[in-house]
Amino acid sequence: MERVATALSVPVADVYGVTEFYEMLYTHPVGGKVFRVCQDAPCALAGADAAMTNLCEWLRIRPGETTPDGHVTVEPVRCLGLCDRAPAALINLDRYAPLDSARPEIALNGVPSEEPLAIGGLVKLALSNVGVVDPTRLQDYASQGGLAALRQALLNMTPGRVLEEVKVSKLVGRGGAAFPTGLKWEFAARNPGPRYVICNADESEPGAFKDRVLMDGDPFRVVEGLTLACYAVGAEKGFIYVRGEHRQGYDRFSGAVRQLKASGYLGENILGTGFKCDCASSFPFADDEGRSAQLVSRRVNPLISQQQHGAGAFNGFLCSYDAFLKSFLLIDKSGYQFRRIYLTSGHFSEVGGFSLE
Ligand code: FES
């Protein structure tokens, strides 16, 4: 910690504060393989306790300990966002879900799971690309209608008009407070620049995994929605926050951003309109204010009241992942019906993400 503090010219206390805050950073040695077993309700229902007990017995250690040879650390953790594949585990950043509760040690030398995303429902708007469009190929996304909304906005609409569409649609935040998305965008647009837009793909409550389904299955559309938001509020940078546990989502976003840049949909003078915008994905572990604080290198401390305008000099605003995706739908299809995504896990006969009325 002292060496890091010296290199960054910050007090050791600041470095300590960061290491204490992030669960995936350690100040003590851990095994070459960190075996994280989810202990939250949907996983517990599917045998997570037995998996933990059997794993520890096999390794002859207790939860939280490292084997004497330093190879494996076993950690009980909270929800990994893989509730539809319970019981879930991560070995380092690789997903093993569902874990075999009777023989969890098999995962130590096994191949990470790669199960198709389970989705369904009546009318798939937000989920319509999942399982249909190859999330790793921009060409596939574009050939199935992708980027039409961004072209429409940039070539035929002013930023104010895009903002107005979002307001008129009555789209609201998806986090529970139902704050009008258009109003939030308008507040951001009124702030002095430079402005930043943050897409919150950090969900960590047990049973909540829609962001994971969308980021694994439809990363291009979220980046397109984020770029639209940047255009509407006059921001030149967008950030996507991804949980440290979702390495695949991070890789998918990074790949999407790379391809969009190479094709001229991100960067300087997009589509010859003079609009410039850059997007990047990064790992979070904080509340709204904390996410903004991280971007300006401040220590993360939860505040009693949230500020939509961001952290001090940082004129950013944050929207849920789902809202960006739906803002895309708005411009692309003029559809004002924002069906929610419902998630099932635990004792349901069908588990996954579903669009319902
Ligand atoms: S992954 Fe275990 S409860 Fe979500």
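Good morning. The largest nonpolar core of this predicted model has 78 residues, and Val37, Ala88, Ala89, Val223, Leu226, Ala232 and Ile240 have the most contacts inside it. A nonpolar core here is a set of buried Ala, Val, Leu, Ile, Met, Phe, Trp, Tyr and Cys residues joined through C-beta atoms within 7 Å; buried means that 20 or more other C-beta atoms lie within 10 Å of a residue's own, with C-beta atoms placed from the backbone. Helix α10, residues 219-233, gives the most to this core, with ten residues. Helices are DSSP runs of H or I with at least four residues, strands are runs of E with at least two, and both are numbered from the N terminus.

Residues are numbered from 1 along each chain as its sequence is written. As the model is predicted, local features need pLDDT of at least 70, side-chain atom pairs count only at pLDDT 80 or more, and totals for chains, interfaces and linings use all residues.

I turn to the helix pair. The axes of α7 (159-169) and α8 (181-190) come within 7 Å and cross at roughly 150°; axes are lines fitted to C-alpha atoms over the stretch in contact, with angles from 0 to 180 degrees between N-to-C directions. The two helices are therefore roughly antiparallel, a term for angles over 145 degrees.

Finally, the sheet. Three strands form an open, mixed sheet in the order β5-β11-β10, where pairing requires at least two DSSP bridges. β5 (119-121) and β10 (341-344) stand at the edges with a single partner strand each, so one side of each lacks a neighbour in the sheet. Three bridges join β5 to β11 (352-355), and these two run parallel. Gly121 stands opposite Ser355 in β11.

Methods. Buried ≥ 20, exposed ≤ 12 C-beta atoms within 10 Å, placed from the backbone. Parallel < 35°, antiparallel > 145°, perpendicular 65-115°, else oblique.
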